[in-house]
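Here's a quick briefing to read alongside the model. Have the structure open as you go.

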Amino acid sequence: MFIASALSGCDAPLSALAPAGPTASAIAELWWIMLAGAAGILALVLGLLALSFRRRSRTAPERLWLIGGGIIFPITLLTALLAAAIVLGERSIPARAGAMEVEAESSQYRWRFSYPGTGALPTDETLHIPAGRPVTVALSTKDVIHSFWVPRLGGKMDAIPGHVNRLTIQASVPGTYFGLCAEYCGVGHSRHGFQVIAHAPAEWRAFAAGGRP
Amino acid sequence: MKALRLHRELSAIWGAPPGWRGTISTVNHSDIGRRLILAAFAFFAIGGVLAMLIRAQLATPRSAFIGPEIYNQLFTMHGSIMMFLFAIPMFEGLAMYMLPKLLGTRDLAFPRLSAYGWWCYLFGGSLLILSLLLGVAPDSGWFMYTPLSSKPYSPGINADFWLLGITFVEISAIAAAVEISVSILRVRAPGMSLDRMPLFAWYLLATALMMLIGFPPLILGSILLELERAFGWPFFDTARGGDPLLWQHLFWLFGHPEVYIIFIPAAGVVSTVLPVMARTPILGYRIIVASVLALAFLSFGLWVHHMFTVGIPHMALAFFSAASTLVAVPTGVQIFAWLGTLWAGRPQMKLPMLYLIGFFVTFVMGGLTGVMVAVVPFDWQAHDTAFVTAHLHYVLVGGFVFPMLAGAYYWLPHFTGRQRTFRLGEAAFWLIFIGFHLTFFLLHLAGLLGQPRRIESYPEAAGWTWINLISSVGGFVMAIGFALFAIDIALQLFLARRAPRNPWGAGTLEWAMMTPPAPYNIASLPRVGSREPVYGEPDLANELARGEGYLGAARNGWRETLAVDLKGQIRHIIVLPSNTRLPICTALATGCFFVALLLKLYWLAPFAVALVALLGWRWAWVLGRCEDLGLLPIGRGETAPTHAEADDPPGWLGSGFLLLADATLFGSLLFGQVFLIVVAPNWRSDHMVVGSWLVIAIAAAAALLAGALARSADMRVERAIPGHLLLAATLAVSQWQAPAPSGSAAGALVGMLNGYGLLHIAIALLMLVFVCFRHRAGFLSAARSSEPRIARLWSDYAAGVGVVVALASQLPALLR
Ligand SMILES: [Cu+2]
């Protein structure tokens with residue numbers, strides 16, 4: 001199938017539906033649940049709409065429609081959805097305590113990453129992280145607002161002048177992942193991308209000690 | 001024969017002179033409404049062409065069609081045009097045209113105000129289109145995030161076009177909101193209590209009140225950003241104690257309600273058209289009214305919903321997430337009320353119903369994806385991607401364009417008096433419907449595959465190519481559909497056969513008049529006893545045409561209509577102003593002000609302001625009379641005073657609503673001050689005003705003095721002038737001692753506060769002096785006291801503002 005092939009990781013290096021970390025996996029799972037629920041509700045509403053043109057003997061108690069359909073039905077569904085979202089949301093956020101912190105400084109059409117507390121030198125356009133461990137990215141900007149997003153590792157966060165925002169990401173397995181700037185930032189916005197290399201433990205130790213990756 | 005004579009007499013009073021004189025002087029609601037609708041459609045076509053260029057660019061990866069410089073202007077202008085120049089004016093036009101007819105009356109409460117709003121919209125909108133033609137259109141995105149839109153990163157005139165042009169256009173939105181609220185609450189047919197109003201009026205009342213509270217934060221934000229760009233007042237500059245997040249809060253305080261401001265009137269069209277198509281009264285009138293009011297209220301709690309990725313504390317996210325999903329409940333009530341109505345009736349698949357089906361399918365899908373993006377973890381992935389582009393088009397095209405198309409075909413026989421002969425409407429529907437879903441359905445997926453918004457180029461390897469190609473093809477199919485719709489309407493205007501009156505068998509009063517309607521709407525006003533007064537009264541239209549209702553005779557060449565209270569009891573006769581060139585002149589003077597700022601001819605701006613004040617004076621002066629008329633007959637053996645002798649004239653209520661909007665703007669400014677003190681990373685407390693209890697005490701005393709003097713005997717409110725002068729002097733001295741506004745956000749805020757206070761004192765003084773002159777000229781008496789009452793309202797507001805300004809500028813330092 002067309003869609004299925006599009007969703008596989010290799011064809012879609014930026015796909016949020018080909019997760020490679022706990023946050024992205026949890027959100028992808030949430031998406032599939034919500035999609036199924038939404039399809040069900042859509043089918044129900046459109047079914048009721050179609051039937052209204054067909055049915056002949058009509059009984060339409062006002063209360064059932066307005067209280068049942070309009071109030072109880074959405075409140076029940078929304079409560080379930082919110083509960084699921086909060087549970088998933090809490091679970092999906094990797095523990096920030098114990099996470100190592102790296103710094104990402106965005107500017108018009110560059111990304112510079114630095115690794116305080118390690119021996120590694122700052123890198124441009126490529127963020128190095130250890131695989132299998134939560135990493136908190138402290139986001140700052142030198143000029144306008146940008147947004148740090150690695151779809152396969154989950155979630156995005158804005159870098160706003162004067163503020164430092166933190167986003168915790170985690171890659172389950174070593175590999176190269178692609179990231180981009182999600183907040184419109186001027187004429188170079190579409191080119192404002194970067195990559196994330198998640199290293200296996202030994203490789204990471206070498207990088208953190210100041211070795212060339 | 002009596003009907004024909006009455007028709008001639010009333011047409012002479014309410015019509016506009018032929019030719020260009022009539023064009024520039026008409027204030028009739030049907031003329032203004034039609035113009036707004038046509039102009040909005042023209043802007044829609046321009047916005048559509050921009051969308052086609054965007055889709056052409058995105059159809060292939062690494063497209064070399066247009067570069068980012070032009071592309072950024074295209075998507076910024078597409079969004080801005082569709083939101084500000086199409087959607088809002090389109091429903092304003094429909095409201096202005098339809099409301100008096102649905103409410104069984106002859107015009108809106110303030111005809112000159114709607115004409116002024118129309119000209120402001122036309123001039124402001126043209127200014128924006130001009131920027132596009134000159135190649136210097138705004139290019140910071142339609143939500144204009146700072147600092148990208150600030151001077152260092154947008155040094156050109158582009159952003160100024162947006163800030164000044166949109167603010168100019170917003171004047172028309174505020175004017176329309178005041179007009180619509182007062183007209184619905186005051187100007188209806190006798191006997192039409194609020195719970196007998198057509199549902200459409202309820203929806204518009206909710207919308208108008210939302211506009212009065214929703215637009216001021218944006219207007220304030222635009223003023224602050226323009227002050228920063230033009231004079232360096234650093235409200236959003238982190239280095240000098242400002243914060244770009246303040247812009248986002250102000251923008252979305254407006255921007256989220258805006259979506260509902262666009263949806264609610266369209267839902268009103270659905271609630272009007274759908275029961276007629278189903279041949280049954282709508283299910284649950286009162287629950288629908290309650291759900292509309294709840295929706296209007298809840299929509300103000302949601303603005304942070306657009307800011308889930310800016311680093312908001314966790315608990316706040318949970319709250320806004322819950323609030324965002326909660327709006328689904330009143331929306332659900334309406335969806336099920338419509339479904340229940342269809343089940344209770346015998347629906348017919350006529351053309352308006354077909355477009356309503358398009359609305360159901362599309363809008364429900366948009367609502368469901370809306371619930372998804374309200375869920376915070378999911379929004380972290382979907383935010384700022386093509387998923388959101390798809391979602392918002394489902395909501396706006398589904399929730400606004402389809403209902404409006406249904407309304408267009410439903411009311412077209414009323415606009416033109418003709419019936420359809422060609423079957424182009426069905427073909428247009430299928431092209432628009434299929435084209436729309438082809439364009440946007442798969443964009444949801446593109447977003448999840450990582451396609452961000454607002455990119456002009458993407459790599460082949462990203463895997464988005466096939467989706468974008470399908471989307472572009474769909475976009476062109478949809479465009480052909482809209483072109484066919486326009487052709488269909490044009491054919492109907494010129495070629496079709498006459499339609500019978502009330503072709504759909506509807507029950508509301510707009511069908512109890514001749515079509516196309518005469519400039520006076522109805523020759524006499526009915527007494528309304530039910531929600532659908534046309535049902536069961538087949539002769540109502542003829543009775544009204546013969547002048548057998550209220551005001552069924554021409555008198556003194558006056559444009560007369562009736563004011564009623566909430567229960568529908570007659571309060572007084574409103575004598576409306578006739579055609580005049582004041583609205584266009586005032587709009588031109590207002591335009592001079594905006595153009596002066598745009599071209600940085602700052603010396604010219606005060607002259608433009610003085611000209612506006614002068615015209616405003618004239619505006620009020622030409623009304624009124626020098627003798628008491630007492631009670632006048634209004635037909636059916638009843639009598640009523642004119643509005644000049646009434647104790648609750650429409651002007652007072654209108655001023656009240658305008659002040660509500662004004663107070664919201666002021667409240668947003670105070671919010672901005674607290675926000676910057678608490679959040680801005682480099683807030684300079686050493687740059688605050690030193691703080692003096694004396695300033696506060698003198699301001700309070702001056703305000704109390706003004707309030708007390710305005711209440712002295714015989715409505716001589718002008719006695720309050722000394723109080724205002726003292727208050728103005730206090731604020732001026734306090735500003736004199738304050739730090740320079742360009743030095744820090746703290747100084748800029750104090751400058752803005754004092755400027756706001758002084759401006760309102762100046763307005764109050766102008767009104768008080770006006771009343772003084774009116775006393776001398778003999779326009780006022782014990783009975784004719786509405787003008788002093790209105791002036792006192794503004795005087796009290798200015799006095800209150802003066803005290804709050806003194807508190808807000810002095811207290812932060814005193815409390816530190
Ligand atoms: Cu960027």
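**Briefing: the interface and the copper site**

Chain B and chain A bury about 6500 Å² between them, with carbon and sulfur atoms giving 76% of that (buried area is the accessible area, 1.4 Å probe, that two parts lose on being put together, summed over both). This is a predicted model, where local features need pLDDT of at least 70, side-chain atom pairs count only at pLDDT 80 or more, and totals for chains, interfaces and linings use all residues. Residues are numbered from 1 along each chain as its sequence is written, chains are lettered from A and ligands numbered from 1 in the order written, and side-chain values use heavy atoms, leaving out hydrogens and water.

**Interface**
- On chain B, the residues losing the most area to chain A are B:Phe336, B:Trp343 and B:Gln381, together 14% of what that side buries.
- The contact (heavy atoms within 4.5 Å) takes in 73 residues from chain A and 82 residues from chain B.
- The rule finds zero salt bridges across it (a side-chain nitrogen of Lys or Arg within 4 Å of a carboxyl oxygen of Asp or Glu).
- Helix 11 of chain B brings the largest share of the side touching chain A, at 12 residues (helices are DSSP runs of H or I, at least four residues, numbered from the N terminus).

**Copper site**
- The copper ion's protein donors (N, O and S atoms within 2.8 Å of the metal, or 3.2 Å for Na, K and Ca) are A:His146 (ND1), A:Cys181 (SG), A:Cys185 (SG) and A:His192 (ND1), 2.2 to 2.3 Å away.
- Along the chain, these donors follow the spacing H-x34-C-x3-C-x6-H.
- The site is tetrahedral, with angles of 95 to 121° among the four donor atoms (four donors count as such if all angles lie between 85 and 135 degrees).
- Both A:Cys181 and A:Cys185 are buried (under 20% relative accessible area, 1.4 Å probe, protein chains only).

Notes
Tetrahedral: all angles 85-135°; square planar, octahedral: opposite > 155°, others 65-115°. Buried < 20%, exposed > 50% of the residue type's maximum accessible area, 1.4 Å probe, protein only. Helix = DSSP H or I, 4+ residues; strand = E, 2+ residues; numbered from the N terminus.
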